[in-house]
Amino acid sequence: MDPVRVAVVGAGVMGLSTALCISKLVPGCSITVISDKFTPETTSDVAAGILIPHVYPDTPIHKQKQWFRETFDHLSAIANSAEAGEAAVHLVSGWQVFQSIPTEEVPFWADVVLGFRKMTEAELKKFPQHVFGQAFTTLKCEGSAYLPWLEKRAGAVM
Ligand SMILES: Cc1cc2nc3c(=O)[nH]c(=O)nc-3n(C[C@H](O)[C@H](O)[C@H](O)COP(=O)(O)OP(=O)(O)OC[C@H]3O[C@@H](n4cnc5c(N)ncnc54)[C@H](O)[C@@H]3O)c2cc1C
């Protein structure tokens with residue numbers, strides 16, 4: 001039987017992640033990524049690449065949390081592997097500050113990231129235009145290195 005042939009359109013983080021995922025799910029398949037731009041010329045190459053979810057009102061929160069947890073665990077495994085340097089996937093700690101109090105003071109993803117907490121008054125004073133903030137550790141993918149790493153691992157024809 002001929003090997004399964006798959007075409008993925010788009011060579012940003014979505015397309016290349018999809019290609020890699022299919023290559024694992026369908027061993028021996030042939031994958032072609034079709035795109036008008038490739039790394040380093042995609043939007044994904046210039047993204048900060050910090051893993052913080054947005055809320056999508058039409059999708060149940062438990063689904064969004066499941067997807068975020070799976071993504072966090074997947075990228076954590078890369079960050080803890082020998083590939084972390086080449087893939088440029090690392091833990092990053094910081095603050096997210098707000099000019100008004102957010103609707104959800106404790107977001108759905110608070111117990112997925114590491115060390116989530118509300119910022120103290122003393123910390124917030126460093127950000128005079130802001131009234132609320134949270135501190136946590138999440139993951140960061142440097143697109144300019146992560147995309148070439150994905151390309152190599154997907155084994156796709158470009
Ligand atoms: C400055 C900046 C900072 C950001 N920071 C973050 C962040 O910290 N965290 C975060 O999660 N997100 C961030 N983002 C958003 C993030 O970059 C995007 O959500 C992500 O890159 C989208 O990936 P993608 O693969 O869908 O799209 P893209 O990277 O845009 O890739 C799309 C691909 O499809 C191809 N394509 C499109 N149309 C066609 C067509 N008609 N025919 C053939 N090929 C086509 C393009 O050439 C490209 O290869 C940031 C974005 C910017 C601009």
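**Figure 1. Confidence across the elements of the protein chain.** The model is predicted. Averaged over the protein chain, the pLDDT is 95, and 100% of the residues score at least 70.

**Figure 2. The shell around the ligand.** The ligand is surrounded by 15 residues, and Ser 35, Asp 36, Lys 37, Ser 44 and Ile 50 are the closest. By class, the shell consists of 6 nonpolar, 7 polar and 2 charged residues. Two helices, helix 1 (13-25) and helix 2 (43-46), each contribute at least two residues to this shell.

Figure 3. Ser 44 places a polar side-chain atom 2.4 Å from an oxygen atom of the ligand. The backbone takes part at Gly 49, where a polar atom is 3.1 Å from an oxygen atom of the ligand. At Ile 50, a backbone N or O atom lies 2.9 Å from a nitrogen atom of the ligand. The ligand taken alone exposes 1000 Å², of which the protein buries 51%.

**Figure 4. Pairing and faces of strand 2.** Strand 1 (residues 5-9) and strand 2 run parallel and are joined by 5 bridges. Within this pair, Thr 32 in strand 2 stands opposite Ala 7. Strand 2 (residues 30-34) has two faces: Ile 31 and Val 33 form the covered one, while Ser 30, Thr 32 and Ile 34 form the uncovered one.

How values were computed. Residues are numbered from 1 along each chain as its sequence is written. This is a predicted model: local features need pLDDT of at least 70, side-chain atom pairs count only at pLDDT 80 or more; totals for chains, interfaces and linings use all residues. Side-chain values use heavy atoms; hydrogens and water are left out. pLDDT is the predictor's confidence in each residue, from 0 to 100. A residue is near a molecule or strand if one of its heavy atoms lies within 4 Å of it. A polar contact is a pair of N or O atoms within 3.5 Å; within protein, one must be able to donate a hydrogen and the other to accept it, and residues adjacent in sequence count only if both atoms are side-chain atoms. Accessible areas come from the Shrake-Rupley method with a 1.4 Å probe; for residues, only the protein chains shown count as cover. Helices (H or I, at least four residues) and strands (E, at least two) are DSSP runs, numbered from the N terminus. Ala, Val, Leu, Ile, Met, Phe, Trp, Tyr, Cys and Pro count as nonpolar, Asp, Glu, Lys and Arg as charged, and the others, Gly among them, as polar. Buried means under 20% relative accessible area, exposed over 50%, partly exposed in between (1.4 Å probe, protein chains only). Two strands pair if DSSP finds at least two bridges between them.
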